[in-house]
Number of protein chains: 2
Amino acid sequence: MKIAIAGAGAMGSRFGYMLSKAGMDVTLIDQWEPQVTAIRAHGLQVNDKGEMTTVQLPIYYPEEAIQNQLQPDLIILFTKSLQLEGMVQAILPIISKDTKVLCLLNGLGHEVIVEKYVPKENFFLGNTMWTAGLEGPGKVKMIGNGSIALQERMPESRETAVRIAALLSEAGLNAAVSEHIMYDIYKKACANGSTNALCTMLEANLYTVGNTTCAVDIVRAFIDEYADVAAVEGVALDRDAITAYVKTAFDPNGIGLHFPSMYQDLITNNRLTEVDCINGIIAEKGKAYGISTPYCAFMTQLIHCKEEIAGAK
Amino acid sequence: MKIAIAGAGAMGSRFGYMLSKAGMDVTLIDQWEPQVTAIRAHGLQVNDKGEMTTVQLPIYYPEEAIQNQLQPDLIILFTKSLQLEGMVQAILPIISKDTKVLCLLNGLGHEVIVEKYVPKENFFLGNTMWTAGLEGPGKVKMIGNGSIALQERMPESRETAVRIAALLSEAGLNAAVSEHIMYDIYKKACANGSTNALCTMLEANLYTVGNTTCAVDIVRAFIDEYADVAAVEGVALDRDAITAYVKTAFDPNGIGLHFPSMYQDLITNNRLTEVDCINGIIAEKGKAYGISTPYCAFMTQLIHCKEEIAGAK
């Protein structure tokens, strides 16, 4: 089975490494020149709990993947959300009528984009708790353990979903088919949406933000908005359970000392954030459903103001 | 007529200077030791459009004002909002049954505090467009021109209100009795509440914030909350007119390059801000009236988070 990973950042590189280590045929696809150049020149350098390994993995720009007639059986989408649609468009010629596509991006609403280009029966929506960091172009750092939940979008594709999960588990990625992937995705989105932008606005890590008097009230206000929107989509979130779950993120012995992705994007790297896919989408859905989502709306506006003032790109 | 100014920061000092220059009997009262010490040692140093003047003004701690049996006919309250109640309590013995009290603080809700201690017929609520800055203890900088609107709280006190306005105008302070002081205060509170905390969160001046894509939408969301709350109190704000008025604050040829007071408090001086009296009070009133005020609520929480993380005092 030929696997292509479209979007070879931290997470895509981690997955590529683990799959290839398990003997699978993996090709990376990316548009970020420094990453492509570094991996071609030096291989993918992996920091696996302090142990350094180098693995030779083919990496293509989308147009090269097309020229080389790459014919993957499975494409795993792992771009940043802002790059998702551009990537799917760029690799469209290598998506045949039999190609399966698995989307593991953070955030909500990616299925709407992918299903414009990929038939529903070939598309699988997933959610992963694995994490990884980039220590520079071509250098990936594996962090902790994780899991993957994924689900077919059409009942007749259940068997394929089971096969994909088995394949990923073979490589140690701990994947399972979920009966409620939207719940899993919403739960993660709550955690992300209630803390990521907040840490970015306050320029602090999860522990520091969690220590402020208002942190839990703010988190709960966000979770209520996510839950109100999810309810319209038939997903019944347990607000108290999710609030308790999000609070564990503040633990300094857990991920509390971590600076979330938007912080890294905007504060560390002066790049645009994914706020539209994390908070903005809830504000948009809220508007469409006639539900009040002011915390998501205001936070999205504030992050955009901050991006503009910083001249982020 | 003996005038005491309780709260001799930038604005209190400016008023003290202008009133004494007009030959009035003015005493300052303050609790901030560096200010008291500096004015006693060197007089009040005034930067009046680049021209430096020094004026000798008596300045007391509240307990000294009591010991010296200060008997002012008029007390002008000009503390920071967080210090208002403490100041009124501290000078209570010098407020006789005939003492008139004029409150000129920024923000909303001060009348509720003062009227716990001062009979309504002796209390006058005002609003001023004068500005001033402190260049250090004992050093005040006069900025531009301004005006004062004030109003009695009981109909029988109208004549007194007229006399107070005339007295202030004698000193060039351009005061008039208003027929709708709550409208004036709400209008100023809108301008303040929709931009001051925003500049502080984004750590930018009015011009820079005003240049961002979302600025006007955010401003309008705030103004709508102020207007909804004001409506319950019988004050009908013109939302479009006030939005247009607030937008003029972004003009770099006006006050656009100015960093508002909360910015100066928190970012420049690492002090606690007045957010509770500017945005928090609208969130509180909204709650009491059953009106949705999430922008004010969230902004108040965000500023408190930022204060705590900065260790502001």
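This is a predicted model: local features need pLDDT of at least 70, side-chain atom pairs count only at pLDDT 80 or more; totals for chains, interfaces and linings use all residues.
Me: Which strands does S10(B) pair with?

Reply: Two strands pair if DSSP finds at least two bridges between them. Strand S3 (residues 44-48) of chain B runs parallel to S10(B), joined by 4 bridges, and Gln45(B) stands opposite Lys139(B). Strand S9 (residues 131-136) of chain B is antiparallel to S10(B) over 5 bridges, with Leu134(B) and Val140(B) as bridge partners. The hairpin of S9(B) and S10(B) has 2 residues between the strands, and Gly138(B) takes a positive phi near 75° there.

Me: What is the strand order in the open sheet of 8 strands in chain B?

Reply: The order is S5-S2-S1-S6-S7-S8-S11-S12, with mixed pairing. Strands S5 (59-60) and S12 (175-177) of chain B are at the edges with a single partner strand each, so one side of each has no neighbour in the sheet. Within the sheet, S6 (residues 74-77) and S7 (residues 100-103) of chain B pair in the parallel sense over 4 bridges, and Leu74(B) stands opposite Lys100(B).

Me: Changing topic: is Glu225(B) buried or exposed?

Reply: Glu225(B) is buried, with a relative accessible area of 5%, and is found in helix H9 (residues 215-232) of chain B.

Me: What does Glu225(B) touch?

Reply: Leaving aside residues up to four places away in sequence, Glu225(B) touches Ile282(B), Ser292(B), Thr293(B), Pro294(B), Tyr295(B) and Cys296(B); contact means heavy atoms within 4.5 Å. A polar atom of the Glu225(B) side chain lies 2.7 Å from the backbone nitrogen of Tyr295(B).

Me: And what does the buried side of H9(A) pack against?

Reply: The buried residues of H9(A), among them Ile218(A), Phe222(A) and Glu225(A), pack against helices H7 (181-202), H8 (206-210), H10 (239-247), H12 (275-289) and H13 (294-310) of chain A, together with helix H13 (294-310) of chain B. Just after H9(A), Gly234(A) takes a positive phi of about 80°.

Me: Where do the exposed residues of H6(A) sit?

Reply: Glu159(A), Arg163(A) and Glu170(A) are exposed on the face turned away from the buried side of H6(A). The buried residues of H6(A) are Thr160(A), Ala161(A), Ile164(A), Ala165(A), Leu167(A) and Leu168(A). They cover an arc of only 160° around the axis, which puts them on the same side of H6(A); the arc is that of the directions from the helix axis to the C-beta atoms.

Me: Last one: what rotation superposes chain A on chain B?

Reply: A rotation of 180° with 0.0 Å of shift along its axis does so, at an RMSD of 0.1 Å. That is the relation of a two-fold axis. Copies are superposed by least squares on the C-alpha atoms of residues with pLDDT of at least 70 in both. Of the residues of chain A, Pro294(A) comes closest to the rotation axis, at 3.1 Å (C-alpha). The copies meet through the same surface, because 100% of the interface residues of chain A are also interface residues in chain B.

How values were computed: Residues are numbered from 1 along each chain as its sequence is written. Chains are lettered from A and ligands numbered from 1 in the order in which they are written. Side-chain values use heavy atoms; hydrogens and water are left out. Buried means under 20% relative accessible area, exposed over 50%, partly exposed in between (1.4 Å probe, protein chains only). A polar contact is a pair of N or O atoms within 3.5 Å; within protein, one must be able to donate a hydrogen and the other to accept it, and residues adjacent in sequence count only if both atoms are side-chain atoms.
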